[in-house]
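I open this notebook to keep a record of what I looked up, entry by entry. I begin with the ground rules, then go from the whole chain to single residues.

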Amino acid sequence: GPPPPDVLAAAAVRAAEAESTTFGASTISVLQLTGSSIGVANLGDSGFMVLHQTQQGFEIVARSTEQQHGWNFPYQLMRLPTTLGLSAGAQSDSAADCDC
């Protein structure tokens, strides 16, 4: 059968990282819905919340957790020109760092 939704979500983040052609950095959240199943890949302080409507209002079924190295320093996918490179000790995050 088809891959589970969490595998598809993680694959989408890996593809975004691998196929990037512009320079910059960004947090990312991908939620894959297959039937009634969800899979999520989240990197940084972007996020999601899944709500279920009840007679009393809404209840939170699932939500993401922020990933930060420190205050106002979220995990991010990053692509820099080779001339800039990363300075010694600089943090470089990747799709492998996603919460899945």
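**Entry 1: ground rules.** I note that this is a predicted model, in which local features need pLDDT of at least 70 and side-chain atom pairs count only at pLDDT 80 or more, while totals for chains, interfaces and linings use all residues. Residues are numbered from 1 along each chain as its sequence is written, and side-chain values use heavy atoms, with hydrogens and water left out.

**Entry 2: the whole chain.** I looked up the elements and found one helix and eight strands in the protein chain, where helices (H or I, at least four residues) and strands (E, at least two) are DSSP runs numbered from the N terminus. Read from the N terminus on, their order is α-β-β-β-β-β-β-β-β.

For the overall dimensions, I noted that the C-alpha atoms fill a box of roughly 55 × 35 × 20 Å along the principal axes. The radius of gyration of the protein chain is 16 Å, whereas a compact globule of 100 residues would have one near 13 Å; this radius is taken over C-alpha atoms, and the globule rule is 2.2 Å times the number of residues to the power 0.38.

I also looked up burial, and 20% of the 100 residues count as buried; the term means under 20% relative accessible area, with exposed meaning over 50% and partly exposed in between (1.4 Å probe, protein chains only).

**Entry 3: S2 with S3.** Strand S2 (residues 28–34) pairs with S3 in the antiparallel sense over seven bridges, and two strands count as paired if DSSP finds at least two bridges between them.

**Entry 4: S4 with S5.** Strand S4 (residues 49–54) and strand S5 (residues 57–63) also pair in the antiparallel sense, over six bridges, and a hairpin joins S4 to S5 through two residues. I found Met-49 opposite Arg-63 in S5, and Leu-51 has Ile-60 in S5 as its bridge partner.

**Entry 5: Asn-42.** Is Asn-42 buried or exposed? Asn-42, which I located in strand S3 (residues 37–43), counts as buried because its relative accessibility is 2%. A polar atom of the Asn-42 side chain lies 3.3 Å from the backbone oxygen of Ser-46. Leaving aside neighbours within four places in sequence, I listed its contacts (heavy atoms within 4.5 Å), among them Ile-28, Ser-29, Cys-98 and Asp-99.

**Entry 6: Val-50.** I then turned to Val-50, which lies in strand S4 and counts as partly exposed because its relative accessibility is 22%. Val-50 and Ile-60 are ten residues apart in sequence, yet their C-alpha atoms are 6.0 Å apart in space. Not counting residues up to four places away in sequence, Val-50 touches Leu-31, Ile-38, Glu-59, Ile-60, Val-61 and Ala-62.

Definitions and conventions: Polar contact = N/O pair within 3.5 Å; in protein donor to acceptor, adjacent residues only side chain to side chain.
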